[in-house]
Structure formats: C-alpha cells, structure tokens
Amino acid sequence: MQIPYNETARPDTGLFNAKLGLWLFLASEVMLFGALFSTYVLLRVGAPVWPHGYTILNVPLATLNTVVLISSSVTMVMSWASLMMKNFGKFRLYLGLTILMGMAFLVVKTFEYKAKFVHYGVTLHDGTEIVGHLEEEAEDHVVMLPDMKDGVQPSPVHIGRAQIKRLTNFGPWYSTFLAIYFTLTGLHVLHVIGGLVVNIYLWGPGAKMWKTEPTRFTNRIEVAGLYWHFVDLVWIFLFPVLYLL
Amino acid sequence: MDHSSSHGGVGTTHKTHGAHHEADHLHQSFWRKYVFSTDHKVIGIQYGITSLLFLLFGFSIMMIMRWQLAYPGQEFPIKWLAHLMGQDNMPDGIMLPEYYNQLGAMHGTIMVFLGVVPLAVGAFGNYVMPLQIGAIDMAFPKLNMMSYWVYFCGGVTMLWSFFVPGGAANSGWTSYAPLSVIATTGQTIWLLGMVFLITSSLLGSVNFIVTIIQLRVKGLTFMRLPFFVWTQFVTSFLLLLAFPPLEAAGVLQLMDRIAGTSFFLPSGLVVSGQALGVSGGGSPLLWQHLFWFLAHPEVYVLILPAMGIIGEVIANNTRKPLWGYKSMIYSIIFLGFMSFIVWAHHMFLTGMGTAISSFFQTTTMIISIPSVIILTALLLSLWGGSIRYTTPMLFALSFLPMFAIGGLTGLPLGLNVSDIHLHDTYYVIGHFHYVVAPGTLMALFAGIYYWFPKVTGRKMNDILGRLHFWGSIVFMNGVFMPMFIQGLAGVSRRLYDGGEQYAHAQSVLHWNEFTSISAWCLGLAQIPFIVNFFWSMKKGQKVNSNPWEATTLEWAATTSPPLAHGNFEKIPEVYRGPYEYSTRGAKKDYTPQNQASEA
Amino acid sequence: MEMQAEEVKKHVKVYIMVFVVLLFLTIVTVAVSYLHLSVGVGIAVALLIASIKATLVGGYFMHLISEKKLIYATLILTVVFFIVLMVIPVSHALDPIRYNH
C-alpha cells in the first residue's frame with residue numbers, strides 16, 4: 001500500500017511526509033533540551049557558587065570535538081548534495097566520513113568521561129576542599145595529589161579518614177555542575193549514538209534503495225541529515241554553556 | 001520532482017494500489033494481521049481494548065481503596081481478593097497505609113496515562129481520524145504500530161512495579177520530589193514506565209499531525225474538517241510539545257535516584273534523622289514546574305478529544321450543523337495555546353511569590369473563556385434541533401452539565417486566595433474528577449456507542465445502553481459530589497483513613513461511606529456495558545454502513561467495517577463542510593461531505 | 001525537492017564557506033573564554049556566538065533559509081513555548097522566599 005506523499009511533496013504544503021514528521025520530532029527535541037537548559041539556568045542562578053567549566057573540564061578536547069562534529073555536519077550535507085547530483089560513490093564516501101567522525105566524537109567523549117571518574121574531591125569537616133588524584137586509599141587515611149596550581153605541582157597530602165566529611169570522584173553525584181554536565185552531555189551522546197545507528201543503516205543495507213527508489217532514498221538522507229545537524233546544533237550550545245562559562 | 005504530475009495522479013494510483021493490496025492481505029499471517037498490524041484500524045482497536053482493560057483495573061483499585069476510606073482499619077470483606085494482594089500489603093485483610101499510597105499513586109497514573117489518553121487519542125484518534133479525512137492509513141503505519149507496542153510495554157512496566165520490593169510507586173501520580181527521590185524501587189520502575197509512555201505518545205503525535213496535514217483528501221480544507229479531527233490535531237500538538245519537559249524531568253529524577261545527583265534535593269536534607277549524603281543544591285520546586293508544564297496541558301489532552309466526540313454526536317443527533325463551528329475551532333486552538341502558560345496555578349501554595357502567582361492566576365482566568373465558548377456553542381447547537389435521543393446522544397447530553405460543574409468548580413482553585421483554603425483537599429479531587437469522569441469518560445462512552453457500528457457492523461443494544469447510562473450518571477454524581485462538601489470542610493486528599501483522626505473532618509466523615517457505596521454501585525453499573533459490548537459484537541442488530549445518517553466521511557464513504565487495507569473502495573472527494581444537516585432544498589436531512597451536488 | 005543538479009553545485013560552495021565560518025567562530029569563542037570576562041559579558045558573548053553558529057547550521061545545512069511556511073510555523077510555535085519554558089528559572093528568581101535567607 002502506497003501512502004500518498006511519502007516520496008513526492010504535497011502541492012499545498014510543499015513537503016513530503018517524513019520531512020514534516022522529522023521537523024515535528026525536532027520541535028519536541030527542542031522542548032526536551034529546552035527543559036534541561038531551563039533546569040541549568042535555574043540551578044545555576046540559585047547556587048551560592050558555580051565553578052567555571054574550564055576549571056573542571058578539558059577545553060582543548062571539547063574544542064576538538066566541536067570541530068569534529070561541525071565537520072561531520074558538513075560531510076553529511078555533502079553526502080545529500082552528492083545524491084542530488086546522482087553521484088552515489090561520493091555519497092558513500094561522505095556519509096562514511098560522517099559516520100567515522102561521529103565515532104571519533106564518542107571516543108573523545110569517552111576519554112573525557114574517564115578523566116572525570118579518576119578525579120577526586122575531598123571535603124573536610126573544617127570546610128576545606130582539596131581536589132586532585134588519589135594516590136593511596138587506606139583504612140584510616142588517604143593520600144591525595146592535589147591538582148596543579150599556577151603551574152606548580154603541590155606535594156601530596158595525607159588526610160586522616162576522621163577529618164573527611166565527603167570523598168567522592170567527579171561523577172555526576174559530586175556537584176550540581178557535574179550533575180548537569182553528565183546529564184546534558186549524556187543525553188547528547190545518546191542522540192549521537194542514535195544518529196550513528198541510522199547513518200550506518202543508510203550507508204550499508206539501507207543504501208540498496210538507491211537502485212529501486214532513488215527519490216525516496218535521497219529523501220531519507222535529507223531527513224537523516226536534518227537530525228544529524230540538530231545533534232550538531234545542540235552541541236554548539238552545550239559547548240560554551242558547559243565548558244567556557 | 002515536479003508538482004503537477006504527482007498531484008493529479010493520487011486518486012487513481014490509490015485505487016490500483018488498494019486492489020493490489022487486498023490480494024496481499026489474504027496472505028498475511030495471523031500475527032501480521034491482528035497483533036503486529038500496521039493498519040490504523042487494528043491498532044485503534046488494540047489501543048481501545050488495552051485502555052479499557054486499564055480503565056477497569058484502575059477503577060477496581062479505587063473500589064478497593066474506597067473500602068479503607070469508608071471503614072478504616074476493618075477487614076476487607078472479599079477474602080480471596082485480600083489474600084491475592086498479599087500478607088505484606090493487607091495483613092489479615094486490613095490495608096496498610098504504605099499499600100494505600102501505592103494504590104493511590106497507581107490509580108492516578110493508570111487512569112490518566114494508560115486509560116483515558118490512550119482511549120481518547122490512541123483508540124478513537126487512530127480508528128476514526130484517518131477515516132474522517134479520507135486517508136487510506138496513517139502517514140507512518142510502522143511508527144503507528146511501534147507507538148502501540150511501546151505503550152503496551154509502558155503498561156506492562158507499570159504493572160510489574162507492583163511486584164518489586166517495596167511495591168509500586170507510592171509518591172502520588174505527581175511524584176513530587178524529594179519524597180519520590182528517596183522512595184522505594186517502585187518509583188524507578190514508574191519512571192521507566194513513563195519513559196515508554198512518553199515515547200509512545202511522541203511517536204503517535206508526530207504521526208497524527210503529519211497525517212492530518214498531509215493526507216486530507218481533495219477538497220477537505222482545514223475549515224471543512226470534522227470537529228473531532230480538529231481536537232485530535234490540537235491534542236497532538238499538546239502531546240508533542242508538553243511531554244518532552246516531563247521526559248527531561250523524568251531523566252533528572254532517574255539521575256537523582258540512580259546516579260546520586262541532587263537535581264531535586266535541597267542542601268541539608270535530613271531523612272529519618274540522618275543527613276542525606278548528597279551534594280545538595282537542587283530544587284524540589286523544579287520538579288513541580290517541569291511536571292505541571294506537562295500535566296496541565298495533559299488535562300486538555302484528556303478533555304479535547306472528548307469535546308470532539310461530543311461535537312460529532314450532537315451535530316448528528318440534533319440534525320443541525322454545529323452552532324459556531326469556527327468559533328469552536330478558534331477556541332480549541334486558543335485553549336491549546338493557553339494551556340502551556342497556566343501550569344503554576346497548581347503551585348500557589350509553594351510560596352512562589354505574589355508576582356508569579358498573579359500572573360498564573362490571570363492566565364488561568366483567561367483560559368476559562370474558550371472552554372465556556374465551546375460549551376456554549378455545544379449547548380446552543382441543541383436549540384431548535386429535532387433531537388434523537390439515541391444512546392450516544394444521552395451520554396453526550398450528560399457531558400454538558402457535568403463538564404460545566406467540573407469547569408466552574410475549577411475557578412476557585414485558579415484564584416490564588418480561595419485556593420489557599422481548597423488546595424490539596426477533596427475539593428480538588430472532586431473538581432478534577434468531574435472533568436474527567438462524568439465529563440471525559442461519558443464522552444468516551446458516547447464515542448463507543450456511536451462508532452461501534454462502524455467497527456463491527458452491528459449496533460449496541462439500547463436497553464442495556466440506557467441501563468448503563470442512568471447507572472453511570474447517577475452514581476458518578478454520588479461519588480464526586482460529596483467530595484466538594486468534604487473538601488470545603490478542609491479534609492485533605494491522600495489520607496488513608498479518610499480523615500478519621502482529624503477533628504475538623506468529623507462533621508463530614510459520614511460522607512465517606514456514601515461515596516464508597518456509590519463507587520461500588522458505579523462498578524455494578526458498568527456490567528451492562530461489558531455485557532452489551534461482547535453480546536452486540538456477536539448478536540447486535542446488523543446495520544448498513546451509515547446507520548446514524550451522518551455526513552462525515554467515515555460513515556458516508558466506507559462500508560462497516562471499512563476495507564481492511566485502504567479503507568475506501570473509492571477514494572472520496574469532499575465538496576462541503578462537515579455538518580450539512582437539514583439543508584434547505586436538499587432531499588434528505590443530511591448531505592454527506594463527499595456528495596457533489598444537493599440533489 | 002525542487003533543486004536541480006546545477007543548483008546543488010552552487011550550494012556546495014556555500015556549504016564550504018559556512019564550514020569555514022563555523023570553524024572560525026569556534027576558535028573565537030574559545031579564545032574569548034581565555035580573556036576571563038565578567039560572568040554577564042561572558043555569557044552574552046558566548047551565547048551570541050553560539051546563536052550565530054546555530055543560525056548558520058539551521059539556515060544552510062538544514063535549508064531553513066528556503067523552507068516551506070509550514071516548517072516556519074511549527075518552529076515559531078516551538079520557539080514561543082521554548083521561551084515559556086524559560087519562565088521557570090525566571091519565576092524562581094522572583095521567588096521572595098528563596099532570596100530571604
């Protein structure tokens with residue numbers, strides 16, 4: 001059964017079904033990330049102190065990731081343009097590059113996350129907070145190597161367990177900042193993975209459709225592209241908001 | 001792709017495809033045909049049956065709770081049922097407060113998210129809307145199937161939560177933080193279930209909007225759409241844009257519960273005398289904001305499709321066009337829009353501050369205007385009509401005063417000052433239930449009686465229908481009217497003893513028994529409906545394709561039931577508005593939308 | 001799909017230009033962050049740059065610059081409700097109880 005306008009545009013709206021559907025889906029995504037952004041503002045405004053992102057997170061790595069994601073967006077739109085010019089070989093190349101860069105983004109992100117989980121913060125009963133890496137964890141004490149300060153590496157600190165009020169690594173539980181960081185980037189990563197799955201399908205088995213229904217396949221690439229650009233767009237906001245401010 | 005060639009060809013291509021597919025259909029296996037079907041009609045029926053079962057389940061939960069409220073601390077009379085619910089929950093047949101909380105939370109969740117919305121949108125929307133716009137199916141049939149099965153998974157997840165340690169979610173259907181964050185495992189399962197349900201309605205709403213915009217047949221302009229289609233259209237936008245913030249809130253609460261974050265946990269929180277070992281710095285109010293950002297539009301998701309059904313039934317049974325069809329449409333658009341900026345009237349008592357309270361009080365007063373316009377238009381539609389008192393019409397007529405009571409009792413809640421007294425009392429329960437039970441549910445029953453012949457080719461029995469109607473309307477009022485009295489006296493909601501230990505509740509305590517008995521009678525009143533439903537499927541009076549002599553396409557252009565694939569023998573074209581009843585000079589008292597000339 | 005192959009070729013040039021501008025703006029926003037501006041100015045600059053980048057991605061890669069009315073209508077509606085969502089933190093900031101401590 002052939003549903004009308006799943007390939008060609010309906011004259012009065014000028015759209016084929018999937019394109020309208022995807023834009024509606026993106027509208028709901030805007031509301032999803034909007035709610036989280038709203039949460040971020042609310043918590044930040046209400047917090048007595050809020051760390052600068054760059055004191056906790058790795059800006060060079062994130063910049064690299066920004067470049068990777070922007071580039072993948074360009075190759076995505078190029079893959080669609082190649083199909084419009086009936087060049088299937090180029091399409092495969094560009095979509096392949098998009099997929100590879102999407103994966104590269106995830107790899108970099110993994111390193112970033114991992115760095116957070118081996119980074120510790122300790123709050124003492126007298127209120128002082130020491131941030132660094134754990135050298136030693138014993139029954140009655142821990143030894144901590146504090147982070148570099150103004151290019152100087154402080155010497156390790158010996159802390160008795162009795163002094164410690166709270167000792168955790170930089171997981172989402174550490175602070176409100178890290179909570180929102182992990183939630184926002186985690187959700188974004190899930191979106192990247194979703195986009196990758198779709199793109200890989202369209203690059204591999206899904207590409208067979210080019211032979212039978214070229215217009216419909218081009219539509220699919222356009223729609224997948226819209227989604228991928230949206231994922232890029234979200235990152236364009238997440239990057240300054242979390243890392244630079 | 002050029003436009004001209006694609007447009008003209010549509011009608012003809014379908015016909016051939018339709019015939020072609022009839023052949024395909026015969027080869028489909030049982031599973032593809034009835035279980036994993038992509039046909040909107042089958043999916044609509046699946047939604048219908050599942051949601052009716054959930055409605056029955058959610059109502060049964062309440063009938064059990066009503067025993068505890070009427071006779072607190074007394075042994076439950078139905079021994080095997082008490083036994084079934086387990087010694088941990090009802091030792092010696094006496095309900096524990098913890099269990100009461102679980103049942104309360106799940107009653108709300110099930111009725112709203114698994115019962116009424118799936119029935120109003122998933123079932124009626126899916127089955128009727130494509131037929132009314134002359135579409136051969138939804139725009140994305142596979143997505144449609146997925147939407148049902150994701151909903152199904154959500155339902156199973158919710159039921160499963162009863163069996164985890166600590167039982168189901170017990171922080172109310174609103175899941176207010178921080179209580180919900182520190183609650184038992186059931187809450188995590190609840191959140192998981194909600195993620196399924198939100199995903200399902202997201203898929204559904206995208207599908208509905210695209211279908212309505214893209215698949216209307218030739219000649220069916222927006223201002224010729226049946227009112228029911230319009231309500232589904234606006235409802236879908238509400239679902240599309242209001243649910244994501246709740247999804248965000250659900251993710252945040254899940255993080256709080258699983259990853260130890262403090263989105264909703266303020267600093268210095270002490271639980272059972274012990275400081276909670278979390279970073280703190282969160283805001284419990286944030287949950288309420290995000291929750292009500294969905295849950296207020298959700299109220300309109302519950303009521304709009306009901307209004308749509310009422311519009312169809314009233315126009316058909318008064319043999320008149322809807323009075324003020326256009327005003328009604330503008331009203332529901334405005335209603336949908338405004339429903340996004342009234343949410344904080346649920347939060348007057350949180351100490352938001354007077355400026356914000358005043359703002360939301362004002363918007364709340366404004367939103368009552370379109371509701372009144374719609375109700376007035378429906379009421380005026382009756383004027384001078386030759387009314388047929390069919391069973392669906394009885395239900396539709398009862399909707400008008402019941403929804404009016406529900407709406408008017410909402411005004412004192414929307415006003416900042418009177419809400420201080422009424423907030424969180426039984427008055428709120430009474431108000432809300434008047435809108436959704438004698439309001440929406442009566443409309444949904446009207447819809448079932450009205451479209452049953454379309455689905456089965458047989459009419460439901462009128463005597464049983466009338467029995468069902470009178471039983472329902474009388475006992476629903478018996479259940480909900482006393483709640484206003486108790487609420488005005490200040491009795492709080494969610495008390496597991498019904499207020500027995502409060503001095504101020506003593507004078508109105510006797511109403512609990514009255515309410516409970518009404519609730520059980522209401523349960524009995526549903527028996528004629530259940531019998532009627534199954535009996536009529538097999539033995540009901542056989543009818544032609546348009547037994548109500550209606551004008552809209554689902555009756556005028558299809559058989560009953562419509563063709564399994566493709567719906568129409570011939571794709572109709574539309575020449576006129578949706579409700580051309582009793583047109584001067586016409587031969588019959590109704591002129592179908594697909595009829596080219598009056599004669 | 002109104003575009004013909006010739007037209008698409010012209011578009012490709014635009015895509016490359018947009019790409020270069022996006023890279024440039026990324027460098028600018030990172031560079032600005034090293035200036036350690038005051039919080040208010042920093043937020044304003046960063047969000048301004050991000051908005052320009054988002055406009056470029058939306059406008060050219062997602063073809064919003066020449067999209068149909070219906071898409072615009074949907075997006076305008078979404079933007080309105082997005083702004084409504086931002087009422088939540090504003091309402092919080094106006095809350096007298098929170099700020100009395």
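Modeller: pLDDT is the predictor's confidence in each residue, from 0 to 100. This is a predicted model, in which local features need pLDDT of at least 70, side-chain atom pairs count only at pLDDT 80 or more, and totals for chains, interfaces and linings use all residues. Residues are numbered from 1 along each chain as its sequence is written, and chains are lettered from A and ligands numbered from 1 in the order in which they are written.

Biologist: What is the average pLDDT of chain B, and where is the pLDDT below 50?

Modeller: Chain B averages 92, and 95% of the residues score at least 70. The pLDDT is below 50 over residues 1-23 of chain B, a stretch with 26 contacts in the model beyond near neighbours in sequence. Two residues are in contact if their C-beta atoms, placed from the backbone, lie within 7 Å.

Biologist: Why are H5(B) and H9(B) called oblique to each other?

Modeller: Helix H5 (residues 97-132) of chain B packs against H9(B) at an angle of about 40°, with the axes 10 Å apart. Axes are lines fitted to C-alpha atoms, for helices over the stretch in contact, and angles run from 0 to 180 degrees between N-to-C directions. Under 35 degrees counts as roughly parallel, over 145 as roughly antiparallel, 65 to 115 as roughly perpendicular, and the rest as oblique. H5(B) and H9(B) are therefore oblique.

Biologist: Which residues of H5(B) and H9(B) meet?

Modeller: Among them are Val112(B), Val116(B) and Phe124(B) in H5(B), and Glu298(B), Leu302(B) and Ile309(B) in H9(B). By class, this contact has 11 nonpolar, 1 polar and 1 charged residues. Ala, Val, Leu, Ile, Met, Phe, Trp, Tyr, Cys and Pro count as nonpolar, Asp, Glu, Lys and Arg as charged, and the others, Gly among them, as polar.

Biologist: What makes E4 and E5 of chain A stand at the edges?

Modeller: The open sheet has 5 strands in the order E4-E3-E2-E1-E5, with antiparallel pairing. Strand E4 (157-160) and strand E5 (164-169) of chain A each have a single partner strand, so one side of each is left without a neighbour in the sheet.

Biologist: How many bridges join E3(A) to E4(A)?

Modeller: Strand E3 (residues 141-146) of chain A has 4 bridges to E4(A); two strands pair if DSSP finds at least two bridges between them.

Biologist: What does each chain give to the contact of chain B with chain A?

Modeller: Chain B gives 43 residues and chain A 36 residues. On the side of chain B, the largest share, 11 residues, comes from H8(B).

Definitions and conventions: Helix = DSSP H or I, 4+ residues; strand = E, 2+ residues; numbered from the N terminus.
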